[in-house]
Amino acid sequence: MSQALQTASVSAPGFFGLNTQDSPTDLSSGFALVATNCIIDRYGRVGSRKGWARVNASSGNLGANDVGVIHELVQSDGTLTILFSGNNKLFKLDGSNAVVELTYGGGGSAPTITANNWSCASLNGITYFFQTGHDPLIFDPTVSTTTYRRVSEKTGYVGTVPSGNIVLSAFGRLWSANTSTVKNIVYFSDLLAGHVWSTGTAGSLNVDRVWPNGADEIQGLAAHNGFLIIFGKRQILVYQDATTPSTMQLSDTVGGIGCIARDSIQTTGKDVLFLSNSGVRSFARTIVEKSAPLGDLSKNVRNDLIQVVSTENAANIKSVYSETEAFYLLTLPTTKEVYCFDTRVQLQDGSFRVTTWDSIEPTCLLSRRNGDVLLGKNGYIGKYSTYQDHTSSYRFQYFTNHADLGAANAISLLKRLRVLVIGGTNQYLTMKWAFDFSTNYLSDSAYIPTQGISEYGIAQYNIAEYSDGVALQTLSLPANGSGKIVQTGYETNINGAPMSIQRIEIQTKDGKVS
């Protein structure tokens, strides 16, 4: 008698994101073993990330050089200015998004700029640029919209501005740390005066003897809920009442966990995220749990992430948090990888859902006031948008976990793969499958035609009761081979249109008992 077909379904493919940390034999079907150039969208579907489009049409004096930092100056009258660095120069975008070089507008000789890894902060309508070994600089549009000067050349300058590698604007003043010779003092300016460093309420905080586990160096600063957070390489200090520096006090300390990359620190409004020596961490969870491993947001990819980070120059690691896109991106330029952490929800173990991107390669990142995400590129600023990387396609790859096909002692015969895809048009989706942990994949491709819009949108799939119509398509391929365990994979080129996977069905028949 012919065996009946059995169908195994995965209704939310990749919902839990990547898991390369745990044994694949124990993983839930919601985890992915490969999720490249993917995001987990707001409906819990694994789908294609966006690409990027050039903001500036030509490079000007930036030339064919990487953008080192992007910063948005927001003035009190609502004027927004995009400032950036590259080619050892400072630039802005004008109203037509043309690249305009900022020239030196101070007296005497222009400062020598030999690197582009500035730390930027805005205070009282002025942007400040700090970088080790360089004179701190300012862009003050009330004086000139096309020039920059040294901080020391601003009218009313008092004291000595520190040539720190870190600057933070918080609680109405500037905070700076990590000069070429002093690694344990935080300097702070006078209130609303980033050019006043020795009178009024300006001052400094020496933390040399406060580290809980001995000597450390300040790697970054952050502000959260009235607290000043001082990140060392392996320790964290938390000062309360930082709105009044003269009376602020040490509130908490964490030993064994610190920040290893200045530009990995991002404030989300509810939390502060940062890269530690053990992965991406949440400040709030770290304070509660101290050194407990549950605070690790990158738990499911920890070993892979730490291995990649070990090959990087920490000064070049960049990040961004986007409330609009609901992600925290960590870009690793040497290996040309981006780790995308979905911030909508946390998994039961407290970690974030993670995917990776391998072909977008931003040199720096910025989340704008209007929600746009900007990316530094070679000669250009890009905007996270469209579904091409400039004019090129990119490869979407999603591979499931290894799934049991039936009884533990029975071999199953694979008969058919069905996939419900959303979006995608006039392209092929390649389906792959392999058995019993083998990487020798069999494959075939199904064509996604140009599609009309579903009459009832996506409401019938319990995603939204009333929503804009989207293109739904069920793709089906005959499959062959046999085994006890199967893994399937799905790949396609994204070239102007998004695509996501809503449901997977694997049809099998029982074979012989082994």
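Reply: Let us begin with a definition: two strands are said to pair if DSSP finds at least two bridges between them. The model shown here is predicted. In it, strand β31 (residues 373–376) and strand β32 (residues 381–385) are joined by 3 bridges in the antiparallel sense.

Me: Which residue of β32 stands opposite Leu-375?

Reply: Gly-382 in β32 is the residue opposite Leu-375.

Me: In what order do the strands of the open sheet of 4 strands stand?

Reply: Strands of a sheet pair through backbone hydrogen bonds, either parallel or antiparallel. Here the order is β6-β32-β31-β30, and the pairing is antiparallel. The edges are formed by β6 (51–54) and β30 (365–367); each has a single partner strand, so one side of each lacks a neighbour in the sheet. On average, neighbouring strands of this sheet are turned by 30 degrees against each other, direction ignored.

Me: How should I read the directions of side chains along a strand, and which residues of β12 point one way and which the other?

Reply: In a regular strand the side chains alternate between the two faces of the sheet. In β12, Ile-126, Tyr-128 and Phe-130 point one way, while Thr-127 and Phe-129 point the other way.

Me: Is strand β12 mostly covered or uncovered?

Reply: A residue counts as buried when its relative accessible area is under 20%. Strand β12 (residues 126–130) is mostly covered, with 5 of its 5 residues buried.

Me: Which residues stand opposite Phe-129 and Tyr-128?

Reply: Strand β11 (residues 119–123) pairs with β12 in the antiparallel sense over 5 bridges, and Cys-120 stands opposite Phe-129. Strand β13 (residues 137–139) also runs antiparallel to β12, joined to it by 3 bridges. There, Ile-138 is the bridge partner of Tyr-128.

Me: How many residues lie between the strands in the hairpin of β11 and β12, and how many in that of β12 and β13?

Reply: The hairpin of β11 and β12 has 2 residues between the strands, and Asn-124 takes a positive phi near 55 degrees. In the hairpin of β12 and β13 there are 6 residues between the strands, and Gly-133 takes a positive phi near 80 degrees.

Me: Which residues touch the most other members of the largest nonpolar core?

Reply: This core has 49 residues, of which Leu-305, Leu-429, Met-431 and Ile-501 touch the most other members. Leaving aside residues up to four places away in sequence, Leu-305 touches several residues, including Leu-275, Val-280, Tyr-339 and Phe-341. A second, separate core has 18 residues, among them Ala-170 and Ile-218.

Methods
Residues numbered from 1 in each chain as written. Predicted model: local features only at pLDDT ≥ 70, side-chain atom pairs only at ≥ 80, totals over all residues. Heavy atoms only, no water. Buried < 20%, exposed > 50% of the residue type's maximum accessible area, 1.4 Å probe, protein only. Core = buried A, V, L, I, M, F, W, Y, C linked by side-chain atoms within 4.5 Å. Contact = heavy atoms within 4.5 Å. Axes fitted to C-alpha atoms, helices over the stretch in contact; angles between N-to-C directions.
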